[in-house]
Amino acid sequence: MRIDILTLFPEMFAGPFSESILKRAAEKGLLEIHFHQIRDYTHDKHHVVDDTPYGGGAGMVMKPEPVVEAIESVKRLSDAESRTILLSPSGKLFSQGIAAELALKSRLILIAGHYEGFDERVRSYIDDEISIGDYVLSGGELPAMVIVDAVARLIPGVLGCGESHVEESHSQGLLEYPHYTRPPEFRGTPVPAILLSGNHAEIAKWRRKESLKRTSERRPDMLAGVALSKADRKTLAELNSEPEA
Ligand SMILES: Nc1nonc1C(=O)NCc1ccc(Cl)cc1
């Protein structure tokens, strides 16, 4: 996969992208990431990328010309079909499902903005607008890093053999079950005996029940999107009938 990131602050990506799985993915040739300075697509002496909003109001707006010229120029760098994505709080909410969709693309072009937002006419030149959550950040760079990380780990071969994205939270539609490792007892708290039993069928049942319990307690909104078995419904009914601890 090729990812091109259009940004006013390419140097922001040096740290996070020089370590961890992104470095390994690049070394394995599974992912190539290129950065483009939006200011390089201005033609005035001061490389202006923003201007005051028509209609008045505080703050500045990203001018359309530099961004659109950058998109068109970057698109020409590769024949691969690309998905052009604008990062903004007004976008559709990013999710593991969207990450999985994007991981199937051969090319992504991510646009990280600043100031109060993009000139609306930029939106005629993009395919998607994605938000990583309902909070306002200072720019689109961190959201771009979040999306690249979530997508890269889903590209086959990127995760090492010791890592897996299969059973994770949000990929089964539920929150993750509790994890334990050595020691068998930590400051008086033992590991649940079931996990030491070696009975993998029972362990799987326990884990599913714990995922349902945790999801029901912390993110009941997620349950609507999960295919629940008869056993799941029984578990949820029992959880709902249990007196509060
Ligand atoms: N939440 C979010 N999810 O994606 N992006 C955000 C976010 O706050 N971006 C800030 C921002 C600010 C200005 C411009 Cl022009 C674009 C994006």
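Buried means under 20% relative accessible area, exposed means over 50%, and partly exposed is anything in between (1.4 Å probe, protein chains only). Keep those words handy for the views below. This is a predicted model, so a local feature needs pLDDT of at least 70 and side-chain atom pairs count only at pLDDT 80 or more, while totals for chains, interfaces and linings use all residues. Residues are numbered from 1 along each chain as its sequence is written, and side-chain values use heavy atoms, with hydrogens and water left out.

**View 1. Glu141, a residue of helix H5.** Glu141 belongs to helix H5, which covers residues 141-152. Helices (H or I, at least four residues) and strands (E, at least two) are DSSP runs, numbered from the N terminus. Is Glu141 buried or exposed? Glu141 counts as buried because its relative accessibility is 1%. Now find Ile5: it sits 136 residues away from Glu141 along the chain, yet their C-alpha atoms are separated by 8.8 Å.

View 2. The ligand sits in the largest pocket. To find pockets, a 1 Å grid is laid over the protein atoms alone: a cavity is a set of points where a 1.4 Å probe fits but cannot get out, and a pocket is an open set with protein on both sides within 12 Å along at least five of seven lines; lining residues have an atom within 4 Å of a point. A molecule "sits in" one if more than half of its atoms lie within 2 Å of its grid points. Around the ligand there are 18 residues, and His114, Ile132, Gly133, Tyr135 and Leu137 come nearest. Here, a residue is near a molecule or strand if one of its heavy atoms lies within 4 Å of it. Which strand gives the largest share of the shell? That is E5, with three residues. Strands E5 (83-93) and E7 (128-131) each supply at least two. By class, the shell has 11 nonpolar, seven polar and no charged residues. Ala, Val, Leu, Ile, Met, Phe, Trp, Tyr, Cys and Pro count as nonpolar, Asp, Glu, Lys and Arg as charged, and the others, Gly among them, as polar.

View 3. Look at Ser131: a polar atom of its side chain lies 3.4 Å from a ligand nitrogen. Tyr135 uses a polar backbone atom instead, 2.8 Å from a nitrogen of the ligand. With Leu137, a polar backbone atom is 2.8 Å from a ligand oxygen. On its own, the ligand has 410 Å² of accessible area, and the protein covers 97% of that. Accessible areas come from the Shrake-Rupley method with a 1.4 Å probe; for residues, only the protein chains shown count as cover.

View 4. A cis peptide bond joins Arg182 and Pro183, with omega at about 10 degrees. Pro183 is in the loop between helix H5 and strand E8 (185-186). Tyr115 has a phi near 65 degrees, a positive value in a residue other than glycine. Tyr115 is in the loop between strand E6 (107-111) and E7, and counts as partly exposed because its relative accessibility is 35%. For Arg187, another non-glycine residue with a positive value, phi is near 45 degrees. Arg187 is in the loop between E8 and strand E9 (189-190), and is exposed, at 77%.

**View 5. Asp40 in its loop.** Asp40 is in the loop between strand E2 (32-37) and strand E3 (50-51). Asp40 counts as exposed because its relative accessibility is 58%.

Notes:
Polar contact = N/O pair within 3.5 Å; in protein donor to acceptor, adjacent residues only side chain to side chain.
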